[in-house]
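I opened my notebook beside the viewer and wrote down what I looked up, entry by entry.

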Amino acid sequence: LVPTADGSMAVVGSRPCGASDAPTVLLYAHYDVQPPLDEDAWHTPPFELTEVDGRWYGRGTADCKGNILMHLTALRALGPDVPVNLKLVVEGSEEQGTGGLEAFVPQDPELLRADTILVCDTGNAAVGKPAVTVSLRGMVNVVVTVEALASELHSGMFGGAAPDALAALITMLATLRDAHGNTTITGLDNAQTWAGAPYPPDQFQSDAGVVDGGRLLGDGTVSDMLWARPALTVLGIDCPPVVGSASAIVPRAAARLNLRIPPGMTPDMAHTALVEHLVAATPWGLRATVELEAAGSPFRAEVDGPAYTAMSAAMEEAFGVPMASLGQGGSIPLCNVFADTYPEAEIILMGVEEPRALIHAPNESVDPREIASMALAEALVLLRYRRS
């Protein structure tokens with residue numbers, strides 16, 4: 001157990017194989033989990049592993065304890081005779097986002113140095129359809145605040161001439177998407193396309209639980225919109241709630257915004273463009289301030305190395321179908337830390353999750369067949385991988 005800067009403990013281990021020319025493989029997972037959120041929305045106890053219709057339910061079953069089980073299953077199946085040097089790190093602060101391991105890795109780079117790093121915190125296209133994640137979106141979170149009046153004013157006496165901060169904020173937010181739902185931030189490329197595996201629209205509609213009659217957003221493919229283009233989400237708005245609201249003009253309103261950015265865009269570029277767009281879109285001569293809350297860089301994996309080739313063959317053997325290349329909308333800052341600290345290492349993102357797992361939501365679950373097949377694929381890679 002190794003303490004990290006944010007107070008969490010990382011589980012670190014190693015097992016050399018004894019061969020001087022053997023490559024080193026680092027296995028990664030995290031043991032911390034999201035809170036259960038609305039416990040009343042769970043159909044099973046959140047922290048009691050429960051099998052229902054062949055799936056295992058409970059918080060963390062897929063994200064990420066299923067991946068710890070995948071590592072353990074592969075290693076126990078192989079026993080002591082593994083022809084690679086093994087290293088392992090399982091962190092305890094990934095879900096907090098407090099960067100314990102991100103700070104730890106550069107401080108003692110030799111401890112986790114490896115030729116290949118298996119970051120097991122993503123997943124497959126669907127049950128039985130293996131995939132590696134080759135692209136992660138970065139993100140910029142900001143809070144935009146609009147001020148219009150010194151205090152609330154009676155809407156009957158002042159409404160119509162006095163500027164309304166909430167109406168101004170709504171006007172500003174409406175400029176961030178066009179009629180088709182494309183994110184339209186001035187200065188950010190909104191026409192990039194995804195070259196990897198497609199995400200069928202019908203499957204995405206079902207995976208996302210889109211209401212009947214609801215249309216998907218954007219003029220690109222689902223994969224383009226998810227993994228190749230910027231995407232702006234309004235996370236929350238500070239304004240009077242409906243219940244208890246008065247007939248008054250709102251003097252001040254704020255919104256928390258999340259901008260996901262694909263590889264090729266930097267957080268600094270995206271932040272500058274977003275701030276300039278919001279300020280320019282502020283109507284009626286009002287004052288808007290934009291505070292940066294958090295930022296993270298996107299990540300693109302290299303896919304032409306020997307470990308990637310070995311993983312592709314292993315996944316096809318384990319699942320019986322070819323491996324796909326996917327993107328992911330979430331950010332994993334540790335991947336950029338690994339890439340910066342170990343620039344020669346191959347980084348492969350994989351795992352037991354798939355859309356039905358509902359990670360971070362109530363009723364998270366994992367299909368045990370995914371754990372079994374992914375463990376087999378990992379065991380095959382550890383047996384066959386050689387440096388080239």
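**Entry: helix α5**

Which residues on the other side of α5 are exposed? I found I170 and A174 there. A note to myself before going on: this is a predicted model.

Next I listed the buried residues of α5, and they are A165, A168, L169, M172 and L173. They sit on the same side of the helix because the arc they cover around the axis is only 135°.

**Entry: helix α8**

Which residues of α8 are buried? My list reads P267, A270, A273, L274, H277, L278 and A281. Their arc around the axis is only 135°, so they lie on the same side of α8. On the other side I noted D268, E276 and A280 as exposed. The buried residues pack against α5 (165-174) and the strands β9 (138-147), β11 (231-238), β13 (252-261) and β14 (287-296).

I moved to α1, residues 65-78. Its 14 residues reach 20 Å from the first C-alpha to the last, close to the 20 Å expected at 1.5 Å a residue. The buried residues I marked in α1 are G66, N67, M70, H71, A74 and L78. Looking down the axis, I saw them fall within an arc of 150°, so they line one face of the helix. Among the elements covering them are the strands β3 (24-30), β6 (85-91), β7 (116-120) and β17 (346-350), along with α11 (368-384).

Then I looked at what flanks the helix. G79 follows α1 and has a positive phi, near 75°. C64 belongs to the loop between β5 (55-57) and α1. The peptide bond leading from D63 into C64 is cis, with omega near 15°. I flagged that bond because most peptide bonds are trans.

**Entry: positive phi away from glycine**

L37 is not a glycine, yet its phi is positive at about 65°. I located L37 in the loop between β3 and β4 (50-52). H360 is also not a glycine and has a positive phi, of about 70°. Its place is the loop between β17 and β18 (365-366). Is H360 buried, exposed or partly exposed? Its relative accessibility is 35%, so H360 counts as partly exposed.

**Entry: two loop residues**

E48 lies in the loop between β3 and β4. With a relative accessible area of 49%, E48 is partly exposed; the cut-off for exposed is over 50%. I took the C-alpha distance from E48 to G58 and got 6.0 Å, for a sequence separation of ten residues.

S8 sits in the loop between β1 (2-3) and β2 (9-15). Its relative accessible area is 10%, so S8 is buried. What does S8 touch, once neighbours within four places in sequence are left aside? I found V2, P3, G92 and S93.

**Entry: α2 against α10**

My last stop was a helix pair. At what angle do α2 (residues 100-107) and α10 (residues 333-341) pack? I read about 5°, with the axes 9 Å apart. The two helices are therefore roughly parallel to each other. On the α2 side, L101, E102, V105 and P106 make the contact; on the α10 side, P333, L334, V337, F338 and T341 do. Sorted by class, the contact has seven nonpolar residues, one polar and one charged.

Key:
Residues numbered from 1 in each chain as written. Predicted model: local features only at pLDDT ≥ 70, side-chain atom pairs only at ≥ 80, totals over all residues. Heavy atoms only, no water. Axes fitted to C-alpha atoms, helices over the stretch in contact; angles between N-to-C directions. Helix = DSSP H or I, 4+ residues; strand = E, 2+ residues; numbered from the N terminus. Parallel < 35°, antiparallel > 145°, perpendicular 65-115°, else oblique. Contact = heavy atoms within 4.5 Å. Nonpolar A, V, L, I, M, F, W, Y, C, P; charged D, E, K, R; others polar. Expected span 1.5 Å × (residues − 1). Buried < 20%, exposed > 50% of the residue type's maximum accessible area, 1.4 Å probe, protein only. Arc of directions from axis to C-beta.
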